[in-house]
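Me: I would like to go through some of the labels given to parts of this structure and ask what each one rests on. Please set the values against the cut-offs.

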Amino acid sequence: MENLFGNLFETEKRQTKPLADRMRPERLSDFVGQESAVGAGSPLRRMIERDVLQSVLFYGPPGTGKTTLAKVIAHVTGEKFEAINAVSSGVPELRKLIAKAQEDRRNGRGRTIVFIDEIHRFNKAQQDVLLPYVENGTIVLIGATTENPFFEINSPLLSRMKVVRLEKLQAPQIQQILERAIADSERGFGNSFKAEPEALRIIADFAAGDARSALNILEQAEFMLPEEGERVLTVATLRSVIGTALQRYDKKGDQHYDIISAFIKSMRGGDADAALHYLARLLEAGDLIGACRRILCSASEDIGLAYPQAAMIVKSCVDSALQLGLPEARLPLAEAVLLLATAPKSNSVVMSIDAAIADVRAGKAGPIPRELQNVHADGTGFEREQGYKYPHSYLGHWVQQQYLPDELKGKRYYEYGDNKTEQAARAYWQRIKGE
């Protein structure tokens, strides 16, 4: 009877854990995605299988499996596992944990894996505390960070760790995790309900590479299903869970492309208010990456040389947005969109490169003029006369000579735009060339 109640208690305790926690893999073979990091034949996989684990730093976006992988490694290797969070822990906690690891090792109880989540939050002094114990093998340090470790982690500590980058999971991989959770009778839902494939696809897409987020949505959606009768997770059910964010539109449907098109055309047309509206729709839909891509493209396609600095400023805004994540990402992206919408416009960049590509694809190329070729010896072993004129040796750092192949001699791809910046460049070269 005691065993019966004990088993019931353990089952109830397990089921009260969040689904994302229950579904954490316990073996490497259960790990979905990240083939380059932990797939068969990868350096980390070899270290684990040969039981020669070294300190590791997992670097990647949220929900890609950093904490899960650390626990899997501890489970597979059989080492003791201690986890702390850099946000809530300091040097005293570190020293206490290290002292216990030293005692265990002296008494033959093996090494301790110390997992530090958000390790980039530790300052230099805190990171320095770890250094000697990582170096002498007292602990195996596994750090996790969403920030670029080459900027955030001290070089001495980083040099003693293997950096493993984890990528965002793809939608099909997320969907595989969801299907596994629905079917798993021990840790998941044991097929207690069915799910429309479209509903799972929307969750996988909406999660934007974050498996934990996807499992949380699935768990919330299951709560909305009736306790009795037919239990089917539909798109309609998702609306009650995700709410207005289900404006995420069907990425394979026309509305997706309409919003993207309107977003680009609003920035190009100088309508800042419309551009912000469509940016808001993209962000509310969770399509941070899509918004970033179009903003980066517009800086060169529609602004270009009319305001060359725009590309650098926008790149900085996009980098900030990707590091911040939503909802904070809305601020640097709005800054970028307002800059592009209000900046002077020029399409000379896209027109010129597309014209050049069209000629190349049409086979218009021809031999490169001899004076531009790489200097090398002919069959006799002597260098052939090249005749290249070095522009910096001439007045104005320019000299007339042929650069295009004979077939394209005189061809004009680039035409100066009518904006202030390109007209200034045009006037400069007219003066230099005496035109």
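Me: What is the handedness of the crossing of H11 and H13, and what makes it so?
Reply: In this predicted model, the crossing of H11 and H13 is right-handed. A crossing gets that name if the near helix is turned clockwise from the far one by less than a right angle. The axes of H11 (residues 197-206) and H13 (residues 235-242) cross at roughly 35 degrees and come within 9 Å.

Me: Why are an angle and a distance both given?
Reply: Because two packed helices are described by the angle between their axes and the distance between the axes.

Me: Which residues make the contact of H11 and H13?
Reply: From H11 come Glu198, Ala199, Ile202, Ile203 and Phe206. H13 supplies Val235, Leu238 and Ile242. Contact here requires heavy atoms within 4.5 Å.

Me: What makes H11 mostly covered?
Reply: Of its 10 residues, 8 are buried. They are Ala199, Leu200, Arg201, Ile202, Ile203, Ala204, Asp205 and Phe206. Besides H13, the buried residues of H11 pack against helix H10 (171-183), strand E6 (194-195), helix H12 (211-223) and strand E7 (232-233). H11 is followed by Ala208, which has a positive phi, near 55 degrees.

Me: Is Asp302 buried or exposed, and how do you know that?
Reply: Asp302, found in helix H16, has a relative accessible area of 6%. Buried means under 20%, so Asp302 is buried. Leaving aside residues up to four places away in sequence, Asp302 touches Ile264, Arg268, Lys345 and Ser346.

Me: Why does Asp287 count as buried?
Reply: The relative accessibility of Asp287 is 6%, and the cut-off for buried is under 20%, so Asp287 counts as buried. Asp287 is placed in the loop between helix H15 (272-284) and helix H16 (288-303).

Me: How far apart are the C-alpha atoms of Asp287 and Thr146?
Reply: They are separated by 19 Å, with the two residues 141 apart along the chain.

Me: Why is Tyr403 called partly exposed?
Reply: Its relative accessible area is 42%. Under 20% would be buried and over 50% exposed; Tyr403 falls in between, and is therefore partly exposed. Tyr403 lies in the loop between helix H19 (348-361) and helix H20 (420-433).

Terms used: Residues numbered from 1 in each chain as written. Predicted model: local features only at pLDDT ≥ 70, side-chain atom pairs only at ≥ 80, totals over all residues. Heavy atoms only, no water. Helix = DSSP H or I, 4+ residues; strand = E, 2+ residues; numbered from the N terminus. Buried < 20%, exposed > 50% of the residue type's maximum accessible area, 1.4 Å probe, protein only. Axes fitted to C-alpha atoms, helices over the stretch in contact; angles between N-to-C directions.
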